[in-house]
Amino acid sequence: MTRITVWGEYRHEQHNPKVAEIYPDGMHNVIARFLRDAGHTVQTATLDEPEHGLTETVLAETEVLTWWGHLAHDEVDDAIVDRVHKRVLEGMGLIVLHSGHFSKIFRRLMGTTCDLKWREKDEKERIWVVEPGHPIAEGLGSYFEIPQTEMYGERFDIPAPETLVFISWFEGGEVFRSGCCYTRGKGKIFYFRPGHETLPIYYQAEVQRVIANAVRWAAPVDTSPVTFGNVPEFMT
Ligand code: ZN
């Protein structure tokens with residue numbers, strides 16, 4: 001069991017009726033529900049809460065944070081980004097979803113633009129498992145499909161992933177690195193592509209499975225503080 005905070009920007013759901021119809025309580029609550037069903041302790045946090053719901057106390061007790069943002073990346077306070085960044089280096093897992101590729105925290109952790117190509121034509125996506133032995137691919141088989149989705153295409157301007165678990169192919173011909181693993185400090189980071197807000201993607205069983213697997217993979221192993229600085233004596 002892992003203590004998870006599901007962070008949602010929660011703007012599309014309040015302003016776009018099409019999105020509200022699919023996610024009446026917000027995407028974050030759908031994600032929180034299936035992670036709770038998987039046996040985890042889950043709380044949610046959203047942009048418009050004080051400190052975006054990510055107080056020192058909340059982050060101190062969070063083992064894995066999931067992040068969905070799109071319209072309002074710039075409204076995320078830099079002080080909160082610093083706080084999340086520090087926690088990742090200390091060992092908190094971070095799962096970055098879909099348009100979260102452009103979030104301040106992901107760009108900070110990657111050090112690149114994280115830009116990509118995109119198209120909204122409700123295309124089919126086939127997500128190939130390229131590391132079948134990886135914990136995040138558990139239970140998926142060789143591929144799964146999302147019948148209608150937004151396309152994300154290469155180049156995706158990220159550092160080469162430490163492990164690439166998924167590659168997507170789209171009906172329009174593009175490909176994309178859809179499941180990317182990184183380590184920063186003691187923290188594990190997983191970027192997972194699916195999750196466009198106008199389609200019911202977070203209700204799909206395989207997508208839920210990947211996120212649940214990713215939480216298990218990203219959960220901290222050792223949260224004891226790391227010692228740095230001058231060491232006056234030889235260790236024997
Ligand atoms: Zn999207």
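Contact is taken to mean heavy atoms within 4.5 Å. The structure is a predicted model, in which local features need pLDDT of at least 70, side-chain atom pairs count only at pLDDT 80 or more, and totals for chains, interfaces and linings use all residues. Residues are numbered from 1 along each chain as its sequence is written, and side-chain values use heavy atoms, with hydrogens and water left out.

Glu150 is part of strand S6; helices (H or I, at least four residues) and strands (E, at least two) are DSSP runs, numbered from the N terminus. Apart from neighbours within four places in sequence, Glu150 is in contact with His98, Trp118, Arg119, Glu120, Phe170, Arg193, His196 and Leu199. Residues are classed by relative accessible area as buried (under 20%), exposed (over 50%) or partly exposed (in between), with a 1.4 Å probe and protein chains only. Glu150 counts as buried because its relative accessibility is 6%. Along the chain, Glu150 and Glu125 are 25 residues apart, and their C-alpha atoms are separated by 8.6 Å.

Glu150 also belongs to the lining of the largest pocket, where it is one of the residues nearest the centre, together with His70, His101, Trp118 and Tyr152. On a 1 Å grid over the protein atoms alone, a pocket is an open set of points with protein on both sides within 12 Å along at least five of seven lines, whereas a cavity is a set where a 1.4 Å probe fits but cannot get out; lining residues have an atom within 4 Å of a point. The largest pocket holds about 190 Å³ of space, a volume being the space filled by probe spheres set on the points, which are joined across faces, edges and corners. Four of the lining residues are nonpolar, five polar and four charged. In this classification Ala, Val, Leu, Ile, Met, Phe, Trp, Tyr, Cys and Pro count as nonpolar, Asp, Glu, Lys and Arg as charged, and the others, Gly among them, as polar.

One cavity of 30 Å³ or more is present. The largest cavity has a volume of about 40 Å³, and its lining includes Trp7, His28 and Trp68. Strand S1 (3-8) and helix H3 (27-37) each contribute at least two lining residues. Six residues of this lining are nonpolar, two polar and two charged.

Strand S5 also takes part in pairing, for which DSSP must find at least two bridges between two strands. Strands S5 and S7 (residues 163-170) run antiparallel and are joined by five bridges, with Val129 partnered by Phe166 in S7. Strand S7 pairs in turn with strand S8 (residues 175-184), in the antiparallel sense, over six bridges. Leu164 stands opposite Cys180 in S8. Four residues lie between S7 and S8 in the hairpin that they form, and Gly173 in the turn has a positive phi of about 110°.

The buried residues of H5 are Ile80, Val81, Arg83, Val84, His85, Arg87 and Val88. Among the elements that cover them are helix H4 (56-60), strand S3 (64-68) and strand S9 (187-192).
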